[in-house]
Each structure stands twice: as C-alpha cells, then as structure tokens.
Amino acid sequence: MRDKKMVTSMASKVLVCVTSYSEGEIKGTIYNDYYEKKISFLSTAELIKSLESLYNSLSFPQKFMETRSFGVNKLVKRVKKKKESDIVHEEVAGKEGIANFSIHVKFRMNADWQGEICWIEKNVSQNFNSTLEMIKLMDSALNQ
C-alpha cells in the first residue's frame with residue numbers, strides 16, 4: 001500500500017477561471033493539479049456537475065453518506081506527482097478570464113459542499129457551508 005500514491009486533502013482544491021458572466025450564468029475553465037486536463041463549463045449548473053464528478057473520480061472528499069473503506073480500490077491510479085498548487089494557481093490567474101477563484105472543498109456532508117473560496121484578484125477568502133452559498137459568493141464578486 002505504500003507504493004501507491006494517496007490523494008491528499010489538497011486534491012479537492014481547484015482554480016476556476018471565469019471567462020464569461022451574463023445574467024447569473026458563469027462560463028469558464030476548471031484546473032486541478034491532480035486531474036490531467038482542464039475542464040471547461042458553459043453554465044453554473046455545469047460547473048457544479050463538473051466539480052462533483054471530479055470529486056467522485058478522486059474519491060475525495062468522500063460523500064458523507066457513502067460506505068468508506070481502506071480498500072485499494074479507493075485509491076486513484078491516475079494521480080500524478082503533486083505540484084505546489086498555489087504556484088500553479090498564480091501562473092494561471094490573471095492570464096485567463098475576468099475573475100479567478102481558488103475553491104477548496106473540504107467536506108461533502110448533508111448532500112452539500114463545505115469549504116473555502118478565495119477571489120484571487122482581490123485576495124479575499126471566505127468560508128462557505130453550502131454549494132449555493134459558494135455560488136452566491138462568486139456571483140457577488142462578479143457583480144462588482
């Protein structure tokens with residue numbers, strides 16, 4: 001089991017580069033150090049669905065209601081060597097889009113997400129207790 005690379009808590013940290021914002025709909029790209037490619041999204045709903053799919057593929061953070069185990073089948077085989085995520089986020093931030101958010105989902109309890117969001121351009125961080133609250137924070141930043 002020591003030969004396998006484990007997914008750390010930082011695997012759930014993503015960079016969301018918003019390229020377009022109109023009438024409450026967010027479009028852009030998602031970057032994650034543990035995922036081998038960028039993920040484009042065309043709506044707010046697609047952003048949420050893409051992030052949920054990413055967390056499911058990483059098995060982290062695990063859903064609160066799922067059975068957990070220490071089995072090898074829970075390990076992610078495609079995890080590459082982790083880079084310093086803050087450096088990667090700084091490289092991408094400012095080069096793409098109208099706003100950039102670093103989102104770190106720490107828990108998926110009660111069928112929702114809890115974590116921290118940072119608006120990179122303003123260097124402002126805020127904790128959120130639900131997916132809706134996270135989207136509202138992004139919306140308020142984009143409306144400024």
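Contact here means heavy atoms within 4.5 Å. Among contacts in the protein chain between residues at least 6 apart in sequence, 51% join residues at least 24 apart. The model is predicted, with local features needing pLDDT of at least 70 and side-chain atom pairs counting only at pLDDT 80 or more, while totals for chains, interfaces and linings use all residues. Residues are numbered from 1 along each chain as its sequence is written, and side-chain values use heavy atoms, with hydrogens and water left out.

The protein chain has 3 helices and 6 strands, where helices (H or I, at least four residues) and strands (E, at least two) are DSSP runs numbered from the N terminus. Read from the N terminus on, the order of elements is β-β-β-α-α-β-β-β-α. Of the 144 residues in the protein chain, 42% are buried, a term for under 20% relative accessible area, with exposed for over 50% and partly exposed in between (1.4 Å probe, protein chains only).

Strand S1 pairs with both S2 and S4, two strands being paired if DSSP finds at least two bridges between them.

| Strands | Sense | Bridges | Residues opposite each other |
|---|---|---|---|
| S1 and S2 | antiparallel | 7 bridges | serine 20 and lysine 27 |

Helix H3 (residues 131-142) has 12 residues and reaches 17 Å from its first C-alpha to its last, close to the 16 Å expected at 1.5 Å a residue, the expected span being 1.5 Å times one less than the number of residues. Its buried residues are Thr131, Met134, Ile135, Met138, Ala141 and Leu142. These cover an arc of only 120° around the axis, which puts them on the same side of H3; the arc is that of the directions from the helix axis to the C-beta atoms. On the other side of H3, Leu132 and Lys136 are exposed. The cover over the buried residues of H3 includes helix H1 (44-58) as well as strands S1 (13-22) and S4 (99-107).

A search of the whole structure finds 1 aromatic pair. The ring centres of tyrosine 55 and tryptophan 113 lie 5.6 Å apart with their planes at 85°, so the pair is edge-to-face. Rings of Phe, Tyr and Trp (its six-membered ring) pair if their centres lie within 6.5 Å, and planes under 30 degrees apart count as stacked, over 60 as edge-to-face and the rest as tilted. Tyrosine 55 in helix H1 and tryptophan 113 in the loop between S4 and S5 are 58 residues apart, and both are buried.
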